[in-house]
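Let's take a walk through this one together, a stop at a time. Have the sequence and the 3D view open as you read.

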Amino acid sequence: MAQAISPPEVIDGDPSGRRGGYSSDAAGLGRLRAGAFVAPALLLIAAFLVFPALWVLYLGLTNYRLTGAAAAEPQFVGLDNFLDAVANPTFWNSTWLTVQFVLGSAVIGQVVLGFTIAWALRDRRGPLKRLVEGLVILAWILPSAVVSFLWVALLDRDGGTLNALLGIPGFAWLLDHPMLSIIIFNTWRGTAFSMMLYGAALGNVPPSHLESARLAGASGWQQLRDVVFPHIRGHILTNLLLISLWTFNDFSPFLLTAGGPDGRSEVLAVHVYKVALQSGELGYGAAVSTIILLINLVVAVFYLRLLRSKK
Amino acid sequence: MTPRFVLGRIGFYTLIAVLLAFFTIPLLWLVTAPFTSDPTYEVRMPDFTWENFRAVLEHPYALPSLWNSLVLSVGTALLVVLMAALAAYALSRVRLPGRDALLYALLLLSSIITGTAAMVPLFQLAVELNLIDSQLGLILILTGGLLPAAIFMLKDFMDSTPKSYEESARVFGASPLQIVRHVVVPLVRPGLATIAVWSIANVWGNFLMPYLLLSDVEKQPAAVITYTLYTEGGQANLRMLSTFGLLYSVPVVLMYLFVSKKYGFRFHGGIKR
């Protein structure tokens, strides 16, 4: 880069530098140089993040396909794809399954389990706490391609360990209860984040408030309801928004059930993959992606507003 | 000891036992099957054979795919750290017009344009730009996706470092890039390390993007190979799958242990996926 070899700048103007222009910038980065520092990052972000987002909006309005005539020359078809989606029972099935997935594994599973663990271990130090937390985090950091297969083995109808342990041989988790399976799987895999967040949040609840509630004879539940929850309400909301967003976009159900059997676990993320990249209906897939993008936008704006109001 | 106290203890340890079981049982297969001569889905006491590891060594795509995972994740991490550091530094030190709006937009973008929302246009873009089956192309695409959050986290870091060192370096005639290299980088090293580890972990576990964009089996990373081993011909090769899965998992576990020992494991906000 040219900046590297340019001669050292004479300190321009007033060294205290509070008055004129940008001479107060540390290290003498002028606007131009700063721009050059930011440019490579912005270029990649523009190419592979901003452009795809705009491109998906356009593609959704065409009849683009992977094969056939529409592969060479896609036609502009207006809102046809969106009307198709709205009229398509598979789309509504996927939407409903996604709602179950998000509510079940994120809103109920991860929040309840994450808070329970954080609450149970709140005053503890030492090996027991480290063991439990370590295992929960392990489930979170292991590659999804590996852990999804572990669950396929665990949940297998005939040889699976879970049926052996629970004494229910022949219970077909993945075939008869695919949604239940991926909800439990995603709860297992994603709880670490909520656990860590609530662990930090509970550390900020003043012990004296809890103590006085206890002295006043409040039961455990009353302490939670009247002291703890009001105190960590912001954290709960942050947590809900973030993990809902992640779960909504999670592709790992594909690794566990491939959307099957008969589309009974085909959440929207898997639906897009199937229609667009397996069946080649890129235009229709882009329309569904656009819907996903808009839902993401709404959740993310709520989240950022929350962050800003806290600052 | 009141009855309530005793009940509380019993409740606590029951809860811990259930939690330990829930989080341990799925992992048991991963640590036993690789050492068992003829593993099934059932978790059994292994007979401690090393045969399965030999099978992985001899598999034509197993070890190369781990190498591919390394290339993709380290390549992406290097680019992310380099570009995010320069951008975050400039954004932290210079009042560019519209800076706050830009940062806000970046954060928004990175959280809404996920693999799911972007898989169709990214696939199409890769086809048009001839980036299908290009590891470099995939690295660039992954870097673009990780950069906004990385810039955001690093800027926070840079904001909290003092500017006085940079000012004195500047008085001695150091160029901006020299200042970044010799003054800023040492100061924010923990932040850079966090971003690097975060990028590596992200790419190491990523399945969707390499699955979409790399069809050449010699270029595919371990995530895709794991999935192929599992769907191959309808009959999963359990010896390969378990052993390979273990080898693929160990690096992230080691990295986690290293990070949590060195920095304490405090990843928050928008970190995963």
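This is a predicted model: local features need pLDDT of at least 70, side-chain atom pairs count only at pLDDT 80 or more; totals for chains, interfaces and linings use all residues.

Arg122(A) lies over the face of its ring, 3.6 Å from the ring centre. Chain B has an arrangement of this kind too: Arg9(B) lies over the face of Phe12(B), at 5.6 Å from the ring centre.

Next, the aromatics. Searching the whole structure turns up 37 aromatic pairs over all chains. Let's zoom in on one of them: Phe35(B) and Phe48(B) have ring centres 6.4 Å apart and planes at 45°, so this pair counts as tilted. Both residues belong to the loop between helix 1 (3–32) and helix 2 (51–58) of chain B, so the pair ties together parts that are 13 residues apart in sequence. Are the two partners buried or exposed? Phe35(B) counts as buried, at 16% relative accessibility, whereas Phe48(B) is exposed, with a relative accessible area of 56%.

Ring pairs also build a cluster that takes in residues of chains A and B. From chain A come Phe149(A), Phe251(A), Phe254(A) and Tyr273(A), and they are linked with Trp29(B), Tyr41(B), Phe207(B), Tyr211(B), Tyr227(B) and Tyr230(B).

Back to helix 1 of chain B, where you'll find Thr32(B). With a relative accessibility of 13%, Thr32(B) counts as buried. Leaving aside residues up to four places away in sequence, Thr32(B) touches Val43(B), Arg44(B) and Pro46(B).

Our last stop is helix 2 of chain B, which packs with helix 12 (residues 238–262) of chain B at an angle of about 80°, their axes 9 Å apart. That angle makes the two helices roughly perpendicular. Which residues meet here? Helix 2 of chain B brings Glu51(B), Asn52(B), Phe53(B), Ala55(B) and Val56(B), while helix 12 of chain B brings Arg239(B), Met240(B), Thr243(B), Phe244(B), Leu246(B) and Leu247(B).

Note on methods: Residues are numbered from 1 along each chain as its sequence is written. Chains are lettered from A and ligands numbered from 1 in the order in which they are written. Side-chain values use heavy atoms; hydrogens and water are left out. Rings of Phe, Tyr and Trp (its six-membered ring) pair if their centres lie within 6.5 Å; planes under 30 degrees apart count as stacked, over 60 as edge-to-face and the rest as tilted. Helices (H or I, at least four residues) and strands (E, at least two) are DSSP runs, numbered from the N terminus. Buried means under 20% relative accessible area, exposed over 50%, partly exposed in between (1.4 Å probe, protein chains only). A charge sits over a ring if NZ of Lys or CZ of Arg is within 6 Å of the ring centre and within 35 degrees of the ring normal. Axes are lines fitted to C-alpha atoms, for helices over the stretch in contact, and angles run from 0 to 180 degrees between N-to-C directions. Angles under 35 degrees count as roughly parallel, over 145 as roughly antiparallel, 65 to 115 as roughly perpendicular and the rest as oblique. Contact means heavy atoms within 4.5 Å.
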